[in-house]
Amino acid sequence: MILVDLAFEPEDEATLPALTLVMPMKTEHGWLYHQFGRAGAVAETENRRGPLKGDADVSTHFWLGTPNEGLTFFTPSQENWGNAKSPHVKLEGPVTNYTVSIAADSYRVRKGMTLRFGFIATPVRPMRDNWRFFRCKRDWSYNWFGAMHNSNNHVTKMNPRFPQYLKRVHQTVPLHVVYIRPDWMNLAEDETSYYREEWKSEPWRLCGTDGGGVPGENRHIRVCLGSDWQDFLLYHEMKIIDAADGDGFYHDGADPVHCTNRHHDHSYRGPDGKTRGTYALLDYRRYYKRLAVEMSKRRPNWQNYLIWLHQSNHFNVPAFSFANMGWDGEQFSTAACATLDYTRLMTAEYFLAEFHGKQFGYPVQWLLEFVKPVTPRDAD
C-alpha cells in the first residue's frame, strides 16, 4: 500500500487552474471496476451512460482491474479536496484513463494544506490452497454470539462452557469462528457509560436487539475503531481465543464507519464552515492488521485461522486487506427473493468484479438470498 500526504507550501495563498492525477492503463489491464454500490465492465458503462464517474462517497475507494489483478485508489476524507466528483474512468481507444480529479478549476491552496490519499495493488496475497472449497463452506463453520457470550458483543463475559463447545466442533471441522460486530459495544459492559463519549461514532445511535426480539430493546451503541475501543475489543478477543483455542472471527458490520467524533480526530471544518467527517478506513485497516498479527502468533500459517468479513456491496480493499475471506450479496436480499434469478440482477462482469475474489487475494463467499416467502397455506 502507498499512502500519500501531498503538502502545499506556497509563499502566499495561490490559485491553481486545476489539479488532476491521471493513470493511463492498457484496457486489457483495466476493464472491470468496483465501487460502493456499483460494479461491472468499464466498456459497458461507457457505452450506455457515458464515462463512469464517482461521487463524494466513492472517493473512499475505487478499484479498477481484471479478474486476476487490479489497483485501488482511496482517500479517508474530502478534507481540502476541491472536487467531490472523483475518481472516474474513461475509455480512450486502447487506453483506460484512471483519473483522480482533485480540483476541476480554481483550486485555492495555502501553506501547510495537505491532501491524503493512497493506492493499494491487488491481489493483496496469494489465494489460500483450498479457496474454492472455502467459498462453499466445506472446511469451516461459525456460530452467532450465543455460544460464546449471552448477549451480542458482550466480549468481557465469555460463556465458561464455550471452550468445551469449541472442542466438540473441532472434531468435525478444522476451523470454527464466532460472531463479533466491531462497530457495536454492548450496553451491559461496565465501560460503556464511562467511555461512550470518547468511543462512540458520531452521529451516534443505539442499535441492535438481542433481547428476544422485544421491540425497542436496544442493547448496543455504535462505536468507532478510531478510538481506544480498538484496544479494548482486541484485548478481549484475544482472551477469548486463548481461553477457548479459537480459530478467528466472523465480523459483521465490518465496513469502516463515517465518523465526526472530535475525540478521534475524525472531524474537520468544510469550506462552508460545517463539521464534516472521515471514513475510518485507515483505523479499520490498523485493527484488522493487529488482529491478523495476533492470530499469526497463535497460528503461524495464515491459512490456519480465519478473519471473515461481511462486506456486501462494499469491498474496501485498504481496510480489509489483512482479512482472509469475505461474505457478500446481502444487497440483493429483496430483489433475489422476488426474481429467483441472479442473471436479472447482475451482469457476468458485475459478478467477476465483486464476487470472484481472486483479483483481491481472498475468497468471497456468496450470500445467497433465495428465501421462499411464507404464505398462509405454508403456515397451515
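**View 1. The largest cavity.** The largest cavity has a volume of about 40 Å³. A cavity here is a set of points, on a 1 Å grid over the protein atoms alone, where a 1.4 Å probe fits but cannot get out; the volume is the space filled by probe spheres set on the points, which are joined across faces, edges and corners. The model is predicted: local features need pLDDT of at least 70, side-chain atom pairs count only at pLDDT 80 or more, and totals for chains, interfaces and linings use all residues. Residues are numbered from 1 along each chain as its sequence is written, and side-chain values use heavy atoms, with hydrogens and water left out.

**View 2. Lining of the largest cavity.** Lining residues, which have an atom within 4 Å of a point, include Phe162, Leu166, His176, Asp247 and Phe249. At least two lining residues come from each of α3 (162–169), β14 (175–180), α5 (229–244) and β18 (248–251). Helices (H or I, at least four residues) and strands (E, at least two) are DSSP runs, numbered from the N terminus.

**View 3. The second largest cavity.** This cavity has a volume of about 30 Å³. Thr60, Pro256, Tyr279, Leu281, His314 and Asn316 line the second largest cavity.

**View 4. Helix α6.** The 18 residues of α6 (residues 281–298) should span 26 Å at 1.5 Å a residue, and the end C-alpha atoms are 26 Å apart, which agrees; the expected span is 1.5 Å times one less than the number of residues.

Methods
On a 1 Å grid over the protein atoms alone, a cavity is a set of points where a 1.4 Å probe fits but cannot get out, and a pocket is an open set with protein on both sides within 12 Å along at least five of seven lines; lining residues have an atom within 4 Å of a point.
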